Amino acid sequence: MSSWLDTAERPLDAANLALLLDNKIAAIRIPGFASADECARFAHAAKHGALQYYKVREKIGYIGLAQYQYRWDKTKADFFADVAAAQADVQAVCEQARFDPLARLLEHLRPLWPAPIGLAEEAGQDYFAGIIRCTSDKIDLHADWAPLNSPDYAIAAIDGQLGWNFFAEQLLSGGQTTVYHNPWQPQAEPGVIAPSYGLSRSLTEGVPQITYEATAGDVVIFNTRNPHEIAPGIPRPGGARISMGSFIGRMPDRSLVLWA
Ligand SMILES: O=C(O)CCC(=O)C(=O)O
Ligand SMILES: [Fe+2]
């Protein structure tokens, strides 16, 4: 695949959205997506929300769910059964904050895209989107690419995958995300879902990269098929890197579908 045109952060417009889906540009930033008041309210509500923790060494709090968690030992029925509760937990945060970043993101995207944009769905059931994360720990090198991560789900039909993240609170230092232009294509073993976390450092060598700051108030969007990682950082007292985000996939009919 040809590389990025450059490694600049670009503004959100129709042309850049299409280029990002085609992995031709490195990232899109929406500066000032939320006001300082909205960020403070959202961060406060998230810290008091229904936080859960992943069973990994790093301490990563989250509200909502990630479809990825259902990859190995849970069924699709389990996944769809859990969507409503995840939505309710996130909705409670948004209501307390009087700010819904997912709804605002859709307001930014819809005028730019010629086809429908909405939650991913399958057999009449909605996926969940808008996971909230609170951490100051690193997140290891990984790629998010539904055709390989979620082969048995409707989202496997996408031909481009983005991740958007809204940052409500930033760290004192650290917490940058680095994205490497090396669209993930592991050696396919039939019937085996390739591990997508803790990817080999060899994937990062000699390829274009961009490092973005997780700046409070902004949204950053990038192509998640590229391996990416988050640096650890130092929080302010009682603080964290607090984000809300989801994936955005392009379906064969050109509609954009969201899930986390
Ligand atoms: O929080 C970030 O900067 C990126 C999170 C991530 O891994 C993703 O959106 O796929
Ligand atoms: Fe990711």
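What percentage of the 260 residues in the protein do buried residues make up? In this predicted model, buried residues make up 40% of the 260 residues, where a residue is called buried if 20 or more other C-beta atoms, placed from the backbone, lie within 10 Å of its own, exposed if 12 or fewer do, and partly exposed in between. Residues are numbered from 1 along each chain as its sequence is written, while chains are lettered from A and ligands numbered from 1 in the order in which they are written. Because the model is predicted, local features need pLDDT of at least 70 and side-chain atom pairs count only at pLDDT 80 or more, whereas totals for chains, interfaces and linings use all residues.

The overall form of the protein was considered next. The protein has five helices and 18 strands, these being DSSP runs (H or I of at least four residues for helices, E of at least two for strands) numbered from the N terminus. Along the principal axes, the C-alpha atoms fill a box of roughly 45 × 40 × 40 Å. Of the contacts between residues at least 6 apart in sequence, 81% join residues at least 24 apart, a contact being a pair of residues whose C-beta atoms, placed from the backbone, lie within 7 Å.

Helix H2 (residues 36-47) has twelve residues, which at 1.5 Å a residue should span 16 Å, and its end C-alpha atoms are 17 Å apart, in agreement; the expected span is 1.5 Å times one less than the number of residues. In H2, Cys-39, Phe-42, Ala-43, Ala-45 and Ala-46 are buried. Seen down the axis of H2, these buried residues fall within an arc of 165°, so they line one face of the helix, the arc being that of the directions from the helix axis to the C-beta atoms. On the other side of H2, Ala-36 and Asp-37 are exposed. The cover over the buried residues of H2 includes strand E4 (61-63), helix H3 (76-97), strand E8 (131-135), E10 and E17.

In helix H1 (residues 14-21), the residues Leu-17, Leu-20 and Leu-21 are buried. Viewed down the axis of H1, they fall within an arc of 100°, and therefore line one face of the helix. An α-helix has 3.6 residues a turn, so residues three or four places apart point the same way. Among the elements covering the buried residues of H1 are strand E2 (27-30), E10, strand E14 (219-223) and E17. Just after H1, Asn-23 takes a positive phi of about 60°.

Positive phi values also occur in two loops. Arg-98, which is not a glycine, has a positive phi of about 50° and is placed in the loop between H3 and helix H4 (101-109); Arg-98 is exposed, with 11 other C-beta atoms within 10 Å. Ala-123, likewise not a glycine, has a positive phi of about 50° and is found in the loop between strand E6 (121-122) and strand E7 (125-126), where it is exposed, with 7 other C-beta atoms within 10 Å.

The loop between strand E1 (9-10) and H1 holds Pro-11, and Leu-12 lies in this loop as well. Pro-11 counts as exposed, with 9 C-beta neighbours inside 10 Å, whereas Leu-12 is partly exposed, with 19 other C-beta atoms within 10 Å. Leaving aside residues up to four places away in sequence, Leu-12 touches Leu-17, Ile-28, Ile-30 and His-108. Leu-12 and Leu-109 are 97 residues apart in sequence, yet their C-alpha atoms are 8.5 Å apart in space.

The residues around ligand 1 include Asp-144, Asn-165, His-228 and Gly-245. Two or more residues each are given to this shell by strand E10 (161-169), strand E15 (228-230) and strand E17 (241-250). By class, the shell has three nonpolar, seven polar and one charged residues, with Ala, Val, Leu, Ile, Met, Phe, Trp, Tyr, Cys and Pro counted as nonpolar, Asp, Glu, Lys and Arg as charged, and the others, Gly among them, as polar.

Definitions and conventions: Near = placed C-beta within 6 Å. Contact = placed C-beta atoms within 7 Å.
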